[in-house]
Amino acid sequence: MLRDKDKILLCELVSAGDISPFIHRPLEHFSEWGKELSGYPDLELLTREIESSPALLRLSLQQHRQLEYMSLYIFADVKGSSVIVPHAHEHPELQLDIHHFLDDVTECASQWRDKGSCVLTGMRAGGYCAAFLAEQLGLEATVFAVPTGEELPGRVRNLVAEHDPVGECLDKVVFVKQQTEETDLEEAYFKILEFDTEGDAIPARQSEYSKFVSWFYDTVGTIRPDVWHIFFGESTEEEPVMDYGLYSLFLKMDGLTEESVGRSIEQVIRYTEKQLEKNRSTLQSEFSHIEIDQIKSFIRECGEQLTNQAVDMVYDVYRSVETILSGAALFTMNKNTIAVIPVMEGFNARTGELLDREIVFITDTIEQEFQNYMDNMLMFPEISLEW
């Protein structure tokens, strides 16, 4: 029976390099494969771990399927029990290509499922593919470090290091105790997770750092472009096109200082005031088209609409600033160049006051426009005495 540690070692193995030449070669001779995998930095440790697992030594690589962005590796023992391990590279079209992947490999995987017990596992993008394939086959999957911007399908356990960012869908995530406080993306994942003496992952709680970074990754792409330009200026022709996302924010972070943030906050406040004023300015034209019997319902609906629009706008601006400054805290963690918390506390207070004033302005504006409307309705038409 494969334990969690056995599964992640297979995931690391298919990530170590091209192992397709070793079809039908047993893992008990894995040390001989090393000559072909010399570029893998943790090869010596991986070899020791594989050779110390009786369950893995009974397996051999039986089949390999290569697609454009994905590969499928199938390990099996002499009794026909198999382990299916997809491997994939992160790329923008992964979610679209997953259906192409399933079309190509489901029949092959089904044949191994029907021979005996079948286990599916994968890591990161490969784990994403494993979850979909497991659902297609009606099996359970154990995957590692799969981002969860959306819920993974089917019966799946997603084992994630306790300090790792992961996403907002956590129902199928099992956080695992880490051996170190920090996660190095270049380090083998089996060196990061902790396992008990039986080889099962040791459960843990999601750390506050993981929660923060997960939130940041989920919101960074929603920065309001106007707020971005206030903080960082317009992009020049020589600069890459900015998508207001994570990588763009990382590229711009060195330009933020305590002084520039203070100036930007003042400009953001003025920008927000102008946007709110523009929002109210639509009232006058709307009043001119209202019939007298609709005026009461119009005033009520108009007040609610303007208030909701004001709240949404202020909240949108606030979240944009919060995300930018959270990025400053995250990317300059060891420099402490910007006192983010006091800045955000001050900005929070000022946007709250701004919103309170806006509610009063909306009420006053509606009353004034209503009075103008009634004055116009009560004006006597001019009478001409010319014959």
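An axis here is a line fitted to C-alpha atoms, for helices over the stretch in contact, and angles run from 0 to 180 degrees between N-to-C directions. Helices (H or I, at least four residues) and strands (E, at least two) are DSSP runs, numbered from the N terminus.

The structure is a predicted model, in which local features need pLDDT of at least 70 and side-chain atom pairs count only at pLDDT 80 or more, while totals for chains, interfaces and linings use all residues. Residues are numbered from 1 along each chain as its sequence is written, and side-chain values use heavy atoms, with hydrogens and water left out.

## The chain as a whole

The chain contains 13 helices and 7 strands. Of its 387 residues, 46% are buried; buried means under 20% relative accessible area, exposed means over 50%, and partly exposed lies in between (1.4 Å probe, protein chains only). A contact means heavy atoms within 4.5 Å. Among the contacts in the chain with a separation of 6 or more, 61% are between residues 24 or more positions apart.

## Helices α8 and α10

Helix α8 (residues 225-232) packs against helix α10 (residues 258-280) at an angle of about 145°, and their axes are 9 Å apart. The crossing of α8 and α10 is right-handed. A crossing is called left-handed if the near helix is turned anticlockwise from the far one by less than a right angle, and right-handed if clockwise. On the α8 side the contact is made by Asp226, Val227, Ile230 and Phe231, and on the α10 side by Val261, Ser264, Ile265, Gln267, Val268 and Tyr271. Sorted by class, the contact of α8 with α10 has 7 nonpolar, 2 polar and 1 charged residues. In this sorting Ala, Val, Leu, Ile, Met, Phe, Trp, Tyr, Cys and Pro count as nonpolar, Asp, Glu, Lys and Arg as charged, and the others, Gly among them, as polar.

## Helices α1 and α3

The axes of helix α1 (residues 4-15) and helix α3 (residues 43-51) come within 11 Å and cross at roughly 140°. That angle makes α1 oblique to α3; angles under 35 degrees count as roughly parallel, over 145 as roughly antiparallel, 65 to 115 as roughly perpendicular and the rest as oblique. The crossing of α1 and α3 is left-handed. Lys5, Leu9, Glu12 and Leu13 of α1 meet Leu46, Glu49 and Ile50 of α3. By class, the contact of α1 with α3 has 4 nonpolar, no polar and 3 charged residues.

In α3 the buried residues are Leu43, Leu46, Thr47, Glu49 and Ile50. They lie on the same side of α3, because they cover an arc of only 165° around the axis, the arc being that of the directions from the helix axis to the C-beta atoms. These buried residues of α3 pack against α1, α2 (30-33) and α4 (54-57).

## Single residues

Leu2 sits in the segment before α1 and is buried, at 14% relative accessible area. Not counting residues up to four places away in sequence, Leu2 touches Lys7, Leu10, Ala55, Leu56 and Val83.

Asn158 belongs to strand β6 (residues 155-161). Its relative accessible area is 0%, so Asn158 counts as buried. Beyond residues up to four places away in sequence, Asn158 touches several others, including Val143, Phe144, Leu152, Val166 and Lys172.

His24 lies in the loop between α1 and α2 and is exposed, with a relative accessible area of 53%. Arg124 lies in the loop between β4 (118-123) and α6 (125-137) and is partly exposed, at 24%.

Gly346 is found in helix α13 (residues 340-378) and is partly exposed, with 33% relative accessibility. Phe361 also lies in α13, and at 37% relative accessibility Phe361 counts as partly exposed.

| Residue pair | Separation along the chain | C-alpha to C-alpha distance |
|---|---|---|
| Leu2 and Val83 | 81 residues | 9.1 Å |
| Gly346 and Ile265 | 81 residues | 9.7 Å |
| Phe361 and Leu276 | 85 residues | 9.7 Å |
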